[in-house]
Amino acid sequence: MATIRVSTTIEAPVEQVWEYVRDISTHTEWMADAESIAFRDEQTEGLGTEFNCLTKIGPIKFTDEMVITEWIEQSSIGVRHTGLVAGEGRFTLTPAGTNRTEFCWIEDLLFPMWMGGPLRNLMGARILEWVWRRNLKTLRAKFARPSE
């Protein structure tokens with residue numbers, strides 16, 4: 001199992017950041033590794049939401065099957081990965097002063113043996129940490145105020 005943790009401070013209040021990230025379909029706008037998201041039924045948010053995310057990292061492409069396991073308004077979204085890569089993940093949003101949000105993303109994942117043999121979890125964690133740090137820069141930029 002590999003643990004990946006990344007975080008950033010976003011220059012916007014929790015309520016505003018939550019309104020954007022609660023819409024799972026927008027995650028492809030800020031996650032470079034998420035090519036598309038397809039919900040498995042009519043439910044698109046909240047506890048029990050199931051979706052598939054076509055994921056691409058370098059030459060590797062696979063469908064990440066997920067279900068929302070935690071949904072606390074303006075606070076957190078938890079997921080369980082049940083596809084090729086298995087494990088649990090969670091986004092948390094915490095106020096960080098006036099009109100700022102600390103966004104933390106932590107995942108515990110198990111990568112398949114063919115993704116690097118005995119070192120697969122270490123290698124997978126290093127790669128995803130690098131990708132997800134870029135993703136959080138993109139998310140943070142969504143809330144950047146234009147220069148006046």
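Helices (H or I, at least four residues) and strands (E, at least two) are DSSP runs, numbered from the N terminus. With that in hand, we can walk through the model together. It is a predicted one, in which local features need pLDDT of at least 70 and side-chain atom pairs count only at pLDDT 80 or more, while totals for chains, interfaces and linings use all residues. Residues are numbered from 1 along each chain as its sequence is written, and side-chain values use heavy atoms, with hydrogens and water left out.

Let us begin with the overall plan. The protein has 3 helices and 7 strands, and along the sequence they follow the pattern β-α-α-β-β-β-β-β-β-α. Of its 148 residues, 43% count as buried; here buried means under 20% relative accessible area, exposed means over 50%, and partly exposed is in between, with a 1.4 Å probe and protein chains only. The accessible surface comes to about 7900 Å², and 53% of that belongs to carbon and sulfur atoms. Such areas come from the Shrake-Rupley method with a 1.4 Å probe, and for residues only the protein chains shown count as cover. Contacts (heavy atoms within 4.5 Å) tell us how the chain meets itself: among those with a separation of 6 or more, 49% join residues 24 or more positions apart.

Now for the strands. Two strands pair if DSSP finds at least two bridges between them. β3 and β4 run antiparallel and are joined by 8 bridges; one example is Lys56, whose bridge partner in β4 is Lys61. The hairpin of these two strands has 2 residues between them, and in this hairpin Gly58 takes a positive phi near 60 degrees. β4 also pairs with β5, again in the antiparallel sense, over 6 bridges. In that pairing, Met66 stands opposite His81 in β5.

Gln74 has a phi near 60 degrees, a positive value in a residue other than glycine. Its relative accessible area is 34%, so Gln74 is partly exposed. Asn99, in the loop between β6 and β7, also has a positive phi near 60 degrees without being glycine. At 41% relative accessibility, Asn99 counts as partly exposed.

A loop residue of another kind is Thr26, between α1 and α2 (27-30). Thr26 counts as buried because its relative accessibility is 10%. Its side chain reaches the backbone oxygen of Asp23 at 2.7 Å. This is a polar contact, meaning a pair of N or O atoms within 3.5 Å; within protein, one must be able to donate a hydrogen and the other to accept it, and residues adjacent in sequence count only if both atoms are side-chain atoms.

Next, the interior. In soluble globular proteins, nonpolar side chains tend to be buried together. A nonpolar core is a set of buried Ala, Val, Leu, Ile, Met, Phe, Trp, Tyr and Cys residues joined through side-chain atoms within 4.5 Å. The largest one here has 36 residues, and those touching the most other members are Val17, Val21, Trp30, Phe103, Trp105, Trp132 and Leu139. Elements that give two or more residues to this core include β1 (2-10), α1 (14-21), β7 (101-110) and α3 (120-142). The largest share, 6 residues, comes from α3. Leaving aside residues up to four places away in sequence, Val21 touches His27, Trp30, Ile77, Leu93, Phe103 and Leu139.

Finally, look at the aromatic rings. Rings of Phe, Tyr and Trp (its six-membered ring) pair if their centres lie within 6.5 Å; planes under 30 degrees apart count as stacked, over 60 as edge-to-face and the rest as tilted. The structure holds 9 aromatic pairs. One of them is the edge-to-face pair of Trp30 and Trp105, with 6.0 Å from centre to centre and 75 degrees between the planes. Because Trp30 lies in helix α2 and Trp105 in strand β7, the pair ties together parts that are 75 residues apart in sequence. Trp105 also pairs with Trp132: their ring centres are 4.2 Å apart and their planes at 15 degrees, so this pair is stacked. It links strand β7 to helix α3, across 27 residues. Trp30 is buried, at a relative accessible area of 1%, as are Trp105 at 3% and Trp132 at 4%.
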